[in-house]
Amino acid sequence: MRRARPRLRPPAALLAAALLLAAPPAPAAGITVYAAGDIADCGGRDPATSAAAATARMIPDGAPVLVLGDAAYPLADRATLAACYEPTWGRLRPTTYAVPGNHDYVAGSARDFLGYFGERNGHLTYFRAALGDWWLIGLDSDLTGGPLARQHAWLVRELAAVDGDGRCIVALWHRALFSTGLHRGGGARMKPAWAALDAAGADLVLSGHEHFYEAFEPQDADGRPGAGGIREFVVGTGGGHLVDLSLSSRHRAFAREHGLLVLELERDRYRWAFRTTDGEVRDQGEASCRRAAQPVKLTAAATRATTASMRSAPTGPRVSTASEPRAAGTISTR
């Protein structure tokens, strides 16, 4: 009596199985981040009635928070941080990353600012930290001369260290490189940092200093628009007086209202919305991340192994799981 020959799976099914085994793991769930600068401005009044209290109420406990400089007015000394920032945004400090602004320097020193915020960023005014599937890079836009040069050298090293890892990048500093208000041009010293971030494929730069909200389309360090550039948001709306004026319509969106930039950061894309304390959405959108990892590809060797397996397996297929590592060659940085 003849034994029945084992049935071979169709080659297409084997190839599909090989591709499934070689595929990267499913992306992790995204995170929601809240950002603003120019925050605690009480002027001797009850902090509970301040605009900073209103913006703080928009942020749920445990959410990541980005402070874009000028945490307290007139200066972020210990007394003012305790009297105005602590009663409003203070409950958010365990999940806050902050960069200093000009009002965070007291007598030329950021000592009080770092004493309050520095635990999460190594007591430095510039840092790199993981933020979900993204890299967060904080920079100090009030440095000049040698300290500014050392910060830039650090940035170049940090960007080289994460080259090709597939994580998207969001950077933050206080003085905006691009803005249309009274402080336009005040962040020109950050142009080399923008250029380095752009070359590394960063997607977002967040700043404050101007006491309003504005958003720009992606652009390079010289302000030339293009899909390969960085998108900037100026969010000086955390609670300080809204006194600045926009002197140009070069921005894509503008609002002079207290509120927060809400970012939904996913592994391969991001969404944004500027929400006011009145519950209005003044700006929103979404875009893909430039550095997001591409699907893992089968190498030529893996393809040959899979084909050989399909041809030579008389008792059923053995699927090859060989795959190309996710290296720099599979990452788009421009």
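# Notebook: a predicted protein model

I began with burial and found that buried residues make up 50% of the 334 residues in the protein, where buried means under 20% relative accessible area, exposed means over 50%, and partly exposed lies in between, with a 1.4 Å probe and protein chains only. I noted that this is a predicted model, in which local features need pLDDT of at least 70 and side-chain atom pairs count only at pLDDT 80 or more, while totals for chains, interfaces and linings use all residues. Residues are numbered from 1 along each chain as its sequence is written, and side-chain values use heavy atoms, with hydrogens and water left out.

**Entry: the whole protein.** I looked up the secondary structure and found seven helices and 13 strands; helices (H or I, at least four residues) and strands (E, at least two) are DSSP runs, numbered from the N terminus. Taking contact to mean heavy atoms within 4.5 Å, I read that among contacts between residues at least 6 apart in sequence, 75% join residues at least 24 apart. The accessible surface comes to about 15,500 Å², and 53% of it belongs to carbon and sulfur atoms; such areas come from the Shrake-Rupley method with a 1.4 Å probe, and for residues only the protein chains shown count as cover.

**Entry: strand S6.** Strand S5 (residues 134-138) runs parallel to S6 and is joined to S6 by five bridges; two strands pair if DSSP finds at least two bridges between them. Looking along this pairing, I found that Trp135 has Ile169 in S6 as its bridge partner. From S5 the chain crosses through helix H5 (residues 145-161) to S6, in a β-α-β crossover that is right-handed, a term for a path from the first strand over the helix to the second that runs clockwise with the strands pointing away from the viewer.

S6 also pairs in the parallel sense with strand S7 (residues 204-208), over four bridges, and there Val170 stands opposite Leu204 in S7. The chain passes from S6 to S7 through helix H6 (residues 191-199), and this β-α-β crossover is right-handed.

**Entry: helix H6.** I asked which residues of H6 are buried, and they are Ala193, Trp194, Ala196, Leu197 and Asp198. What covers these buried residues includes S5, H5, S6, S7 and strand S9 (231-235). Just after H6, I noted that Gly201 takes a positive phi of about 90°.

**Entry: aromatic rings.** A search of the whole structure gave me 14 aromatic pairs; rings of Phe, Tyr and Trp (its six-membered ring) pair if their centres lie within 6.5 Å, and planes under 30 degrees apart count as stacked, over 60 as edge-to-face and the rest as tilted. Tyr213 and Phe274 have ring centres 4.1 Å apart and planes at 15°, so I recorded the pair as stacked. This pair links distant parts of the chain, with Tyr213 in strand S8 (residues 213-215) and Phe274 in strand S12 (residues 269-276), 61 residues apart. Tyr213 counts as buried at 0% relative accessibility, and Phe274 counts as buried at 0% too.

For Tyr270 and Trp272, the ring centres lie 6.1 Å apart with the planes at 35°, so this pair is tilted. Both Tyr270 and Trp272 are buried. I then found that Trp134, Tyr213, Phe233, Tyr270, Trp272 and Phe274 form one aromatic cluster.

**Entry: charges over rings.** I also checked for charges over rings, meaning NZ of Lys or CZ of Arg within 6 Å of the ring centre and within 35 degrees of the ring normal. The charged end of Arg93 sits over the ring of Tyr116, 3.9 Å from its centre, and that of Arg167 sits over the ring of Trp135, 4.7 Å from its centre.

**Entry: backbone geometry.** Most residues other than glycine have a negative phi, and most peptide bonds are trans. I found Asp38, in the loop between strand S1 (31-36) and helix H2 (51-56), with a positive phi near 60°, and Asp38 counts as buried at 0% relative accessibility. Asp70, in the loop between S2 and H3, has a positive phi near 55° and counts as buried at 2% relative accessibility. Pro74 is found in the loop between strand S2 (65-67) and helix H3 (78-85), and the peptide bond from Tyr73 to Pro74 is cis, with omega near 0°.
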